[in-house]
Amino acid sequence: MDDNLTLRAFREEDLGFLDRLDTDPAALGAFEWFGFRDVRSWRRRWEQDGFVAPESTALAVVAADGTLIGIASWKAAHRGGSRGSCFEIGLALLPDYRGQGLGTTAQRLLVDYLFRFTTVHRLEAGTDTDNIAEQKALERIGFIREGVLREVAFRDGTWRNSVIYALLRKDWQQH
């Protein structure tokens, strides 16, 4: 918990917010919109596990006034170590809440949660090479830029490069 933000489990009444992420290109923005998706996929996932599972989890990002403003997530990244030792994290905020430091705060809350309540050793985050704001946010909370994945994502009619960042448990403890 933070004075400005909270991460919490999604509730059934939040499904309309999640539907918007698949039907409104402006909701996710230029770096996260990869085209329309089956809006029922959120509902099926809700019925399956409420978005909380060992392989992937999604949490609501909620402002101090209770407004749902985004989504924070993690999923298992199998890199050869034991299960649960590496997660890829992600974050998306609605447009009205970007550029205010809330993304950095939400990611800091997510990282702290994962290092406190799971056995994860390594966290990874990837972002478009043109998404400078996200790169700065990751660096502010201690992530280290490890490299560029060339033409890894198809978005807006072209193949896009992505920057990969990582944060190790020992680095977070010293941060």
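**Close-up views of the predicted model**

**Figure 1. Arg-79 counts as exposed, because its relative accessibility is 55% and the cut-off for exposed is over 50%.** The structure shown here and in the other views is a predicted model. Arg-79 forms a salt bridge with Glu-124, and the closest N and O atoms of the two residues are 2.6 Å apart. This pair links distant parts of the chain: Arg-79 is in the loop between β3 (68–76) and β4 (86–93), Glu-124 is in strand β5 (residues 122–128), and 45 residues separate them. Glu-124 counts as buried, because its relative accessibility is 4% and buried means under 20%. Side chains of opposite charge can pair when their charged atoms come close. A search of the whole structure finds 12 salt bridges.

**Figure 2. Asp-128 and Arg-160 are joined by a salt bridge between their side chains, with an N to O distance of 2.9 Å.** Asp-128 is buried, with a relative accessible area of 8%. Arg-160 is also buried, at 19%. Elsewhere, salt bridges that share partners join Arg-79, Arg-122, Glu-124 and Glu-146 into one network.

**Figure 3. A salt bridge connects Asp-49 and Arg-45, whose closest N and O atoms are 2.7 Å apart.** Both residues belong to helix α3 (residues 40–49), where they are four residues apart, about one turn of the helix. An α-helix has 3.6 residues a turn, so residues three or four places apart point the same way.

**Figure 4. Helices α1 (residues 15–23) and α3 pack at an angle of about 140°, their axes being 8 Å apart.** Two packed helices are described by the angle between their axes and the distance between the axes. An angle counts as roughly antiparallel over 145 degrees, so α1 and α3 are oblique to each other. On the α1 side, the contact is made by Leu-15, Gly-16, Leu-18, Asp-19, Leu-21 and Asp-22. On the α3 side, Ser-41, Trp-42, Arg-43 and Trp-46 take part.

**Figure 5. Seven strands form an open sheet with mixed pairing, in the order β1-β2-β3-β4-β5-β7-β6.** The edges are held by β1 (5–9) and β6; each has a single partner strand, so one side of each is left without a neighbour in the sheet. From one strand to the next, the twist averages 30°. The pairing of β1 with β2 is antiparallel and runs over five bridges. The bridge partner of Ala-9 is Leu-59 in β2. Helix α4 packs on the sheet and touches β1, β2, β3, β4, β5 and β7, and its direction makes about 150° with that of β4.

**Figure 6. Four residues of helix α5 (residues 132–140) are buried: Glu-134, Gln-135, Ala-137 and Leu-138.** These residues are on the same side of α5, because they cover an arc of only 160° around the axis. Which elements cover the buried residues of α5? They include helix α4 (102–117) and the strands β5, β6 (144–155) and β7. Just after α5 comes Gly-142, which takes a positive phi of about 110°.

**Figure 7. Phe-51 is not a glycine, yet it has a positive phi of about 70°.** Most residues other than glycine have a negative phi, and most peptide bonds are trans. Phe-51 lies in the loop between α3 and β2 (56–63). Is Phe-51 buried or exposed? Phe-51 counts as buried, because its relative accessibility is 0%.

**Figure 8. Asp-156, a residue other than glycine, has a positive phi near 55°.** Asp-156 is found in the loop between β6 and β7. Asp-156 counts as exposed, because its relative accessibility is 72%.

Notes: Residues numbered from 1 in each chain as written. Predicted model: local features only at pLDDT ≥ 70, side-chain atom pairs only at ≥ 80, totals over all residues. Heavy atoms only, no water. Salt bridge = Lys/Arg side-chain N within 4 Å of Asp/Glu carboxyl O. Helix = DSSP H or I, 4+ residues; strand = E, 2+ residues; numbered from the N terminus. Buried < 20%, exposed > 50% of the residue type's maximum accessible area, 1.4 Å probe, protein only. Arc of directions from axis to C-beta. Contact = heavy atoms within 4.5 Å. Pairing = 2+ DSSP bridges. Axes fitted to C-alpha atoms, helices over the stretch in contact; angles between N-to-C directions. Parallel < 35°, antiparallel > 145°, perpendicular 65-115°, else oblique.
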